[in-house]
Amino acid sequence: MSLRVYNTLSGKKEEFKPIEPGKVRMYVCGVTVYDYCHIGHARANIVFDIIYRYLRYVGFDVTYVRNYTDVDDKIIKRANERGISSRELSEEFIRAFDEDMATLGLALPTYQPKATDYIAEIIALCEKLINRGLAYEAGGDVYYRVRKFPGYLKLSKRNMEEMQAGARIAPGEQKEDPMDFALWKAAKPGEPNWESPWGAGRPGWHIECSAMSSSLLGETFDIHGGGRDLIFPHHENEIAQSEGASGKPFVNYWLHNGFVNVDQEKMSKSLGNFFTIRDILKNYDPEVLRFFILTAHYRSPIDFSDQNLKEAKAGLSRFYEALKAADETLRSHPLPERPVCPEISDAEREVYDKIEHLDDFFAAAMDDDFNTAAAIGHLFEAVRGINRLIGEARFDECNLSLRVIEDGAKKLRELGGVLGLFGSDPAAWLERQKSAGLQGAGLSAEAIEELIEERRAARQNRDFARADQIRDALAAQGIELLDSKDGTSWKVK
RNA sequence: GGCCCCGUCGCCAAGUGGUAAGGCAGAGGUCUGCAAAACCUCCAUCACCAGUUCGAAUCUGGUCGGGGCCUCCA
């Protein structure tokens, strides 16, 4: 099996062939740092995090660049509103971004460049484009002469005439053509600025990504990613800038993740219907959010709702319950040196096979354009298998099952790790969910334990009426009791 | 208006030519004092219509419905 990816440029799934065998160079558009990240950012970053992890898992040496855009109109505007410098503002939100991504358990990219550290490269790129006749200076601004670049709009698949209608020249701009876009903007009073051949100014929006990507990855690299909404104009303009300057293909594979919707509508800042990562994390474990995002394919839209988050939590809990049960089983049943099973039942055989080939099923799903939803489906089947062997509990006659349980739990952790999942200690993770859930129930763990003890005594006296009364009362408050041979435990519904 | 995407079980969600993964919910069963958890069994012909094909959820055309981009946006 080989990796196939959907390339926005061709509109098809293609076999992935890196430029340099065994190595992948990947650039993903990060954030403009002027506000807290919302769950749309969370999705984009989680999606490319697992792409990064999976590429490494299959053996590629990956150079992953994710930038911060720290100079921009919105940053300047917000900084002015707050009466602080652009630099102070962007530094504040770079820290916030780093914290959010760390909380979500993202692996660190190889490089995280800031646009303002690449001003010299940006100016050099502008000069090159001017020399090639693809850009021009006008009143201290520099614009890209879009009509001179033949491949323009090849990524977004539009045509110039139709685009004309919406394009316009803002007051103060001196564009030759409404479609042209700014590479460099002359500084207005009070704006951050850098010296350039065209006077003091600052970069336009798209040029920083061209400059940072070519500096760190070269003129042509393998993968460029980002949200769908960046296809036009951002990525289209990046292509014009980079290919215009180098004369070489910019990127081989363009990957774009789908949106997060709220009530079937795109979540966005302009609509005001967005949730920040910090909002969500008040009510949900970060791993639940990650799990929720990965249960859909990265290109599909996902609908964000309390209901869907709750389902994700139930699903993730199922994994941790199984891992916990596996841990406990292995702890109480030492694995013999040479596990045997004289008579393997059909059901056991089925589970053994499933777990033995789990990596293959997982890889086949992920090789198909990073189909995490299908991959998780396979992992769920392994959960059922493990639970089944534990349920059979015939370890005396067939201790080989212990080996399979051990193997299954190990693979679950290893493959889950590729998705950034199941990294916690299961008992501790479940315990955390319990105490978090308790806050909403208005009950203390001690109170519950007391009631459990009272019920235990009642049951011993065969006073089942009283015992059931206690259980029902707790259930009404969302507390479920689970009886076992070793006593009674509880969990929040 | 132009371009693009989507419409799969009650809900979420895979599946892009060979008679529909998985999760949640639901029904029955095993276990249990009774439950819960776990396990077993059951539960969809893929918006609609017309084509192509031996064969389509999967390809083509159309209809209806939803969404996105064209302005800042992951």
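Predicted model: local features only at pLDDT ≥ 70, side-chain atom pairs only at ≥ 80, totals over all residues.

**Entry 1: the disulfide**

I began with the cysteines and found that Cys341 and Cys398 form a disulfide, with their sulfur atoms 2.1 Å apart; a disulfide here is a pair of cysteine sulfur atoms within 2.5 Å. The structure holds one disulfide. Residues are numbered from 1 along each chain as its sequence is written, while chains are lettered from A and ligands numbered from 1 in the order in which they are written.

Next I looked up the handedness: the torsion about the S-S bond of Cys341 and Cys398 is about -105 degrees, so this disulfide is left-handed. Cys341 sits in the loop between helix H10 (306–332) and helix H11 (346–356), and Cys398 in the loop between helix H13 (372–392) and helix H14 (400–418), so the pair ties together parts that are 57 residues apart in sequence. Helices (H or I, at least four residues) and strands (E, at least two) are DSSP runs, numbered from the N terminus. Both Cys341 and Cys398 are buried; buried means under 20% relative accessible area, exposed over 50%, and partly exposed in between (1.4 Å probe, protein chains only).

**Entry 2: the whole chain**

I then stepped back to chain A, which comes to 17 helices and 15 strands. Its C-alpha atoms fill a box of roughly 90 × 50 × 35 Å, taken along the principal axes. Of the 493 residues of chain A, 48% count as buried. The chain is divided into domain 1 (4–283), domain 2 (326–425) and domain 3 (442–492), with bounds that come from an automatic or database domain assignment. I noted that the C-alpha centres of domain 1 and domain 3 lie 56 Å apart.

**Entry 3: a UniProt region**

An unreviewed UniProt entry lists residues 361–430 as "domain: Cysteinyl-tRNA synthetase class Ia DALR". Over residues 361–430 I found 74% helix and 0% strand, with the end C-alpha atoms 28 Å apart.

I also checked how H12 (residues 358–367) meets H13: they pack at about 165 degrees, with their axes 7 Å apart. Axes are lines fitted to C-alpha atoms, for helices over the stretch in contact, and angles run from 0 to 180 degrees between N-to-C directions. H12 and H13 are therefore roughly antiparallel, the word for angles over 145 degrees.

Most residues other than glycine have a negative phi, and most peptide bonds are trans. Where did I find a cis peptide bond? The bond from Phe232 to Pro233 is cis, with omega near 0 degrees, and Pro233 is in helix H7 (residues 231–246).

Lys157 has a positive phi, near 55 degrees, and is found in the loop between strand E6 (141–144) and helix H5 (160–164). Phe422 is not a glycine, yet its phi is positive at about 60 degrees. Phe422 lies in the loop between H14 and helix H15 (426–441) and is buried, with a relative accessible area of 2%.

Key. Heavy atoms only, no water. UniProt positions renumbered as here; feature names shortened; annotations may be inferred. Parallel < 35°, antiparallel > 145°, perpendicular 65-115°, else oblique.
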